[in-house]
Amino acid sequence: MDTVLNILGIWVLASAGIQLGTLWIMKLSILPLLNAQPYGRWVNTCQLIKMHVFHPIAVWMGVIAGSLGVVAAFLTSSTAATVFFLVGSVGMLGVGLTSEGVNRPIWRQIEKWPVDKVEDEQWAGKRHIWHIAHVVRTYFGIVAVFAYIGAMLTV
């Protein structure tokens, strides 16, 4: 059982770390780049990114890692590890729900916006909500990584 638990723990930690890495890169480099651009260039850049590949991977990696974290929580005999695995899974769930509930629907709207308009009246508000949601899911990712580290240290 220890081997299975260790494999699950390493898998969820690696998944959460990869997820956080992509979110962190976006938070520190891509979002500032996008937010410095005027409407037309911002929309064009977003449309060129092609998030159809990233979004499903991010969501499914989060769902699978979060689910396996719950399984690991039930397999361990350590109360602390159980709590850490569950908190990590809630973090991964937070990443997925924020992505699917806020970021992805806004992204689908952005993909249809015309680049040649001077500015869409909804642009500023949607851009702000999209940015805040991205920051929120990044913090959920941080919670997941640190919780899974805690779980692995207390197994």
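This is a predicted model: local features need pLDDT of at least 70, side-chain atom pairs count only at pLDDT 80 or more; totals for chains, interfaces and linings use all residues.
## Helix H3 and its span

H3 runs over residues 54-75, so count 22 residues along it. From first C-alpha to last it reaches 31 Å, close to the 32 Å expected at 1.5 Å a residue.

## The buried side

Which residues of H3 are buried? They are His 55, Ala 58, Val 59, Met 61, Gly 62, Ala 65, Gly 66, Gly 69, Ala 72 and Ala 73. Look down the axis of H3 and these buried residues fall within an arc of 165 degrees, so they line one face of the helix.

What does the buried side pack against? Its partners are helix H1 (2-35), helix H4 (79-110) and helix H5 (123-154).

## The side turned away

Turn to the face of H3 away from its buried side, and you find Trp 60 and Phe 74, both exposed.

Trp 60 also belongs to a nonpolar surface patch of about 410 Å², together with Trp 11, Val 63 and Ile 64. H3 supplies the largest share of the patch, three residues. Ile 64, one of the patch residues, sits in H3 and counts as partly exposed because its relative accessibility is 41%, between the 20% and 50% cut-offs.

## A look across to H1

Ile 7 is part of helix H1. At 54% relative accessible area, Ile 7 is exposed, whereas Ala 65 is among the buried residues of H3. Ile 7 and Ala 65 are 58 residues apart in sequence, and their C-alpha atoms are 12 Å apart in space.

Key. Residues are numbered from 1 along each chain as its sequence is written. Side-chain values use heavy atoms; hydrogens and water are left out. Helices (H or I, at least four residues) and strands (E, at least two) are DSSP runs, numbered from the N terminus. The expected span of a helix is 1.5 Å times one less than its number of residues. Buried means under 20% relative accessible area, exposed over 50%, partly exposed in between (1.4 Å probe, protein chains only). The arc is that of the directions from the helix axis to the C-beta atoms. Contact means heavy atoms within 4.5 Å. Patches are made of residues with over 30% relative accessible area and no salt bridge: like charges are joined within 9 Å, nonpolar side chains (Val, Leu, Ile, Met, Phe, Trp, Tyr) within 5 Å. Accessible areas come from the Shrake-Rupley method with a 1.4 Å probe; for residues, only the protein chains shown count as cover. A salt bridge is a side-chain nitrogen of Lys or Arg within 4 Å of a carboxyl oxygen of Asp or Glu.
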